[in-house]
Amino acid sequence: MVPALSVELPEAYILAKQMNSELKGKEAAKCKLQNCTNYQRLGFVNTYLSDFNRLHTRKIEGASSRGNTIRVKFDGDMNLLLAPEYGGITLYHPQGSIPPKKYTLKLEFTDESALTVSLTGMGLIKALTDPELQDNYLYHRDFSSTASPLDLDFTFKRFSTDLNRKNTNLKTALVGKEAAVVGLGNAAFQDIIYRAALHPKHKTGELNEAELKALYEAVKNVVEDRIKSGGKEQFVDFYGNQGTYVAAMGPNMKDQPCKRCGQGIAKISFGGGQVYLCPACQK
Ligand SMILES: [Zn+2]
């Protein structure tokens, strides 16, 4: 697994936006898949590769994302669902360029352009009808009624109400299947609580109004900054451009001085994982 290439909410948003403007109206000519037996066994690629033939001659109506999941919608009620969560590169290849020889999925269009998805870690590539989409776990998880930091109605009121209803520790409240928001991973979590100057030990119910507000602003700012920066450093977008977002907190920060107060960054074990934090200013 190469977690560095993981695609989370900000990166999925960037890809979906680029795919939407580049691919809309294109007609699928041929899907090719390679080296996906393992993904098929785990349910991350269709059991029958012939399912992908259902995309042939279909036109793309648009692409959108929610959480870590990208939905490319075709006419005839077909979809290509992509979630290279734990590692993957999705690239556009204009007519006349030479797509890579290795990929997990190559989708060729009738205008001789193509897209490739190369999974490097666990991730999902599925051709699904609209009804099949409703039965898909990742689609359900991300295209759900759980708030997304990018929703117009992601207000402080909604966030604080959802969080108070949880009364779990901050990690459980922000990351994973019980979370009050979709699309945040461990890296984003460490960045968020650092910006909010909060220690992960807190339960959501213990936070006062000012702390909740700081947490809400941090969630929005981390996601927005990552999108504005073209994704995190290791991410490569649909056109091969590398992201520039550098996390304020993370594994590369151990023992380095905190940018806010100068104290050495610490690594602690918490909630079955490691958390990097500033022991002085995260209270
Ligand atoms: Zn500090």
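Close-up 1. Gly-88 has Leu-119 of β7 as its bridge partner. The model is predicted: local features need pLDDT of at least 70, side-chain atom pairs count only at pLDDT 80 or more, and totals for chains, interfaces and linings use all residues. Residues are numbered from 1 along each chain as its sequence is written. Strands (E, at least two residues) and helices (H or I, at least four) are DSSP runs, numbered from the N terminus. Strands β5 and β7 pair in the antiparallel sense, over six bridges. Two strands pair if DSSP finds at least two bridges between them. Strand β7 spans residues 114-119, and five of its six residues are buried. A residue is buried if 20 or more other C-beta atoms lie within 10 Å of its own, exposed if 12 or fewer, and partly exposed in between; C-beta atoms are placed from the backbone.

Close-up 2. Strand β6 covers residues 105-109. Four bridges join β6 to β7, and the two run antiparallel. Lys-106 has Thr-116 of β7 as its bridge partner. Four residues lie between the two strands of this hairpin. In the turn, Glu-112 has a positive phi of about 70°.

**Close-up 3. Helix α1 and what covers it.** Helix α1 has 15 residues, 9-23. The expected span of a helix is 1.5 Å times one less than its number of residues. The buried residues of α1 include Leu-9, Tyr-13, Ile-14, Met-19 and Leu-23. What covers the buried residues of α1 includes β2 (60-66), β3 (69-74), β5 (88-93) and α8 (209-228). Here, contact means C-beta atoms, placed from the backbone, within 7 Å. After α1 comes Gly-25, with a positive phi near 90°.

**Close-up 4. Asn-35 in its loop.** Asn-35 sits in the loop between β1 (28-33) and α2 (37-41). Its phi is positive, about 45°, although Asn-35 is not a glycine. Asn-35 counts as exposed because it has 11 C-beta neighbours inside 10 Å.

**Close-up 5. Asp-77 in its loop.** Asp-77 lies in the loop between β3 and β4 (78-83). Its phi is positive, near 60°, in a residue other than glycine. Is Asp-77 buried, exposed or partly exposed? Asp-77 has 14 other C-beta atoms within 10 Å, so Asp-77 is partly exposed.

Definitions and conventions:
Contact = placed C-beta atoms within 7 Å.
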